Amino acid sequence: MTPKIQPCLWFDKNAEEAARFYADTFPDTRVGPVTRAPGDYPAGQQGEVLVVEMTLLGMPAILMNGGPEVEFNMAVSFQVATEDQAE
């Protein structure tokens, strides 16, 4: 079951590299599913990493390659999981 809220870290292109670094560095940390761009992805190349799900120090987290619009910094966003748009 996906938790209702989890931290989301924004990267330009290196979310998977960061996830693997965190997994090698911190205890109780592991890389989970990696979502890659499909063939008809308009903003990049097929196979590019879009989202990395992981457990970071025992807590579920999302690392997203969102592009260069927001530079990586100390801020953390939260993703809230809902069943549908109405919720």
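Glu-16 and Arg-36 form a salt bridge in which the closest N and O atoms are 3.3 Å apart; a salt bridge here is a side-chain nitrogen of Lys or Arg within 4 Å of a carboxyl oxygen of Asp or Glu. The pair ties together distant parts of the chain, with Glu-16 in helix α1 and Arg-36 in strand β2 (residues 30-36), 20 residues apart. Helices (H or I, at least four residues) and strands (E, at least two) are DSSP runs, numbered from the N terminus. The model is predicted, so local features need pLDDT of at least 70 and side-chain atom pairs count only at pLDDT 80 or more, while totals for chains, interfaces and linings use all residues. Residues are numbered from 1 along each chain as its sequence is written, and side-chain values use heavy atoms, with hydrogens and water left out.

The structure holds two salt bridges. In the other pair, Arg-20 meets Glu-16, and the closest N and O atoms are 3.0 Å apart. Arg-20 and Glu-16 are separated by about one helical turn because they stand four residues apart in helix α1 (residues 15-25). As a general point, side chains of opposite charge can pair when their charged atoms come close. Glu-16 is buried, at 18%, whereas Arg-20 is partly exposed at 42% relative accessibility and Arg-36 is partly exposed at 41%.

The charges can also be viewed over the whole protein. There are 5 positive and 13 negative side chains, and the centres of the two sets lie 5 Å apart. In this count Lys and Arg are positive and Asp and Glu negative, with His and the chain ends not counted; each charge is placed at NZ of Lys, CZ of Arg, CG of Asp or CD of Glu.

Turning to the overall fold, the protein has one helix and five strands, and from the N terminus on these elements run β-α-β-β-β-β. The C-alpha trace spans about 35 × 35 × 25 Å along its principal axes. Of the 87 residues in the protein, 26% are buried. The exposed surface comes to about 6200 Å², with carbon and sulfur atoms supplying 55% of it; accessible areas come from the Shrake-Rupley method with a 1.4 Å probe, and for residues only the protein chains shown count as cover. Among contacts (heavy atoms within 4.5 Å) between residues at least 6 apart in sequence, 60% join residues at least 24 apart.

Strand β4 (residues 59-65) contains Ile-62, which counts as buried at 6% relative accessibility. Not counting residues up to four places away in sequence, Ile-62 touches Gln-6, Pro-7, Cys-8, Leu-9, Val-51, Val-52, Glu-53 and Gln-79. Its C-alpha atom is separated by 10.0 Å from that of Val-34, 28 residues apart along the chain. Gly-66 belongs to the loop between β4 and β5 (77-80) and is partly exposed, at 27% relative accessibility. Leaving aside neighbours within four places in sequence, Gly-66 is in contact with Trp-10, Phe-11 and Asp-12. The C-alpha atoms of Gly-66 and Val-76, 10 residues apart along the chain, are separated by 14 Å.

Most residues other than glycine have a negative phi, and most peptide bonds are trans. Asp-28, although not a glycine, has a positive phi of about 50°. Asp-28 sits in the loop between α1 and β2 and is exposed, with a relative accessible area of 52%. Leu-57 is likewise not a glycine and has a positive phi of about 55°. Leu-57 is found in the loop between β3 (49-56) and β4, where it counts as exposed at 52% relative accessibility.

Key:
Buried < 20%, exposed > 50% of the residue type's maximum accessible area, 1.4 Å probe, protein only.
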